[in-house]
Amino acid sequence: MVVVSIEYRYLDVIWFDNLIMNYILLWTVSKVYKDETPRWRLWIASCIGAIYVVLLITTNNNILDNTITKIILSICMVLIGYRYTSLARLIRLIGLFYALTFIFGGAAFGIYYFTEDIITIKKGIFYLRNFPAKTIFLSSVMVVILVRGLWSKIRNRRLTTSLIYSIEIRHKGMDFILKGLLDTGNSLYDPITQSPVIIVEYSKIQKALPMEIRDIFICNREQDIDYIAKTISEPQFSTIFRLIPYYAVGKPGGFLVGFKPSKVLIFLDGSWHGTDDAIVALSAKELSKDGQYHALIHPEMVFSLIAT
C-alpha cells in the first residue's frame with residue numbers, strides 16, 4: 001500500500017489525500033485485472049487505508065508501525081475491495097496489488113531521490129511539502145497508462161503462449177516438429193474430403209515437397225491459380241495436392257496449396273495424439289512476427305483429439 005501524506009495542519013486533509021491515492025491504486029488494480037468490482041468497495045477499502053495513516057501519524061503505537069500489521073492491513077484492503085471466488089484468484093489480486101504498490105512507491109522514491117527538499121520519509125510514509133496536487137494527479141495518470149499498457153501486453157503474450165502446441169508432421173519418410181497456435185479463427189476445410197486444415201509456413205516443410213511444388217514458391221506464383229492447377233493436376237500429384245480456398249474479412253479471398261500428409265500429431269496433456277484426417281496448407285509468409293509459432297492449428301483437430 002502506498003501512503004502519501006501532505007504536510008497540512010488538518011488531519012482531515014491528510015486523510016483525504018491518502019483516500020484519493022489509495023483509491024487510485026485500488027482502481028488501477030481492478031482495471032489491470034479486469035475485475036468489475038463495485039466502486040463502493042474500493043472506496044471503503046481506501047477509507048480504511050487512509051484511517052490507518054492518520055492513526056500512524058497521531059499515535060506512537062508500535063503495533064501500527066509493525067511490518068506484519070501493514071501486511072495484514074493491505075490484505076484486508078484487498079479482501080474488502082474485490083470479489084474473489086477462489087484462493088488462487090485472491091492470491092493473484094494480492095500479488096498484483098503489491099506489484100502496483102511497488103511501482104507507485106518506486107515513483108515516489110524517484111521523486112525523493114531528485115528532490116529531497118520536497119519529500120521526507122518517516123515510518124514508511126512519504127511526506128510531501130509544497131508539492132502541487134496537479135503533479136500528483138498527472139504522475140498517477142502516467143503510471144496507470146503505463147501499467148495498463150504493459151499488463152495488456154503481458155496478458156496477450158500469456159494467452160498466446162497457452163494456445164501454442166507442439167505438432168509433428170510426417171510426410172515422405174520425414175518428420176517435422178514445430179510450434180503451432182490453436183487458431184479459433186481458422187475454419188478452413190478441404191472442399192473435397194472436408195478434413196480440417198493446418199496452415200504451415202512453407203519454409204519449415206519445403207524439404208518434403210517435390211521440386212515442382214517448390215517452384216511455385218520460389219517463383220512467387222502462389223496466387224497464379226492456373227499455373228498451380230496445372231502443376232497439381234499431374235498424375236503423380238493429383239491424389240496428394242489440392243487447392244484450399246480461403247476468405248478474409250475485408251480482403252479478397254484466395255487459394256492455398258495444400259497436401260495430405262502421412263500423419264499429423266499434436267502434443268496434448270503430456271503425450272502425442274495423432275490423426276490421419278488432416279490437410280496441410282502452405283503459407284509463403286511468416287505466421288508469427290516474433291517466431292513463437294510456425295503453424296495455425298484448426299480447433300477441431302485439438303478438440304477431437306482431446307475427446308479420443
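Trainee: At roughly what angle do the axes of helix α6 and helix α7 cross?
Mentor: First, a note: this is a predicted model, where local features need pLDDT of at least 70, side-chain atom pairs count only at pLDDT 80 or more, and totals for chains, interfaces and linings use all residues. Residues are numbered from 1 along each chain as its sequence is written, and side-chain values use heavy atoms, without hydrogens and water. The axes of α6 (residues 211-218) and α7 (residues 225-232) cross at roughly 170 degrees and come within 10 Å. That makes the two roughly antiparallel (over 145 degrees).

Trainee: Which residues in α6 and α7 meet?
Mentor: E212, I213, D215 and I216 in α6 meet Y227, I228, T231 and I232 in α7, where contact means heavy atoms within 4.5 Å.

Trainee: New topic: how many aromatic pairs does the structure hold?
Mentor: Six. Rings of Phe, Tyr and Trp (its six-membered ring) pair if their centres lie within 6.5 Å; planes under 30 degrees apart count as stacked, over 60 as edge-to-face and the rest as tilted. One of the pairs is Y202 with F217, stacked at 4.2 Å centre to centre with 10 degrees between the planes.

Trainee: Is F217 buried or exposed?
Mentor: F217 is buried, at 9% relative accessible area; buried means under 20%, exposed over 50%, and partly exposed in between (1.4 Å probe, protein chains only).

Trainee: And which residues do ring pairs link into a cluster?
Mentor: F237, F241 and F259. The planes of F237 and F241 are at 90 degrees, so that pair is edge-to-face.

Terms used: Axes are lines fitted to C-alpha atoms, for helices over the stretch in contact, and angles run from 0 to 180 degrees between N-to-C directions. Helices (H or I, at least four residues) and strands (E, at least two) are DSSP runs, numbered from the N terminus. Angles under 35 degrees count as roughly parallel, over 145 as roughly antiparallel, 65 to 115 as roughly perpendicular and the rest as oblique.
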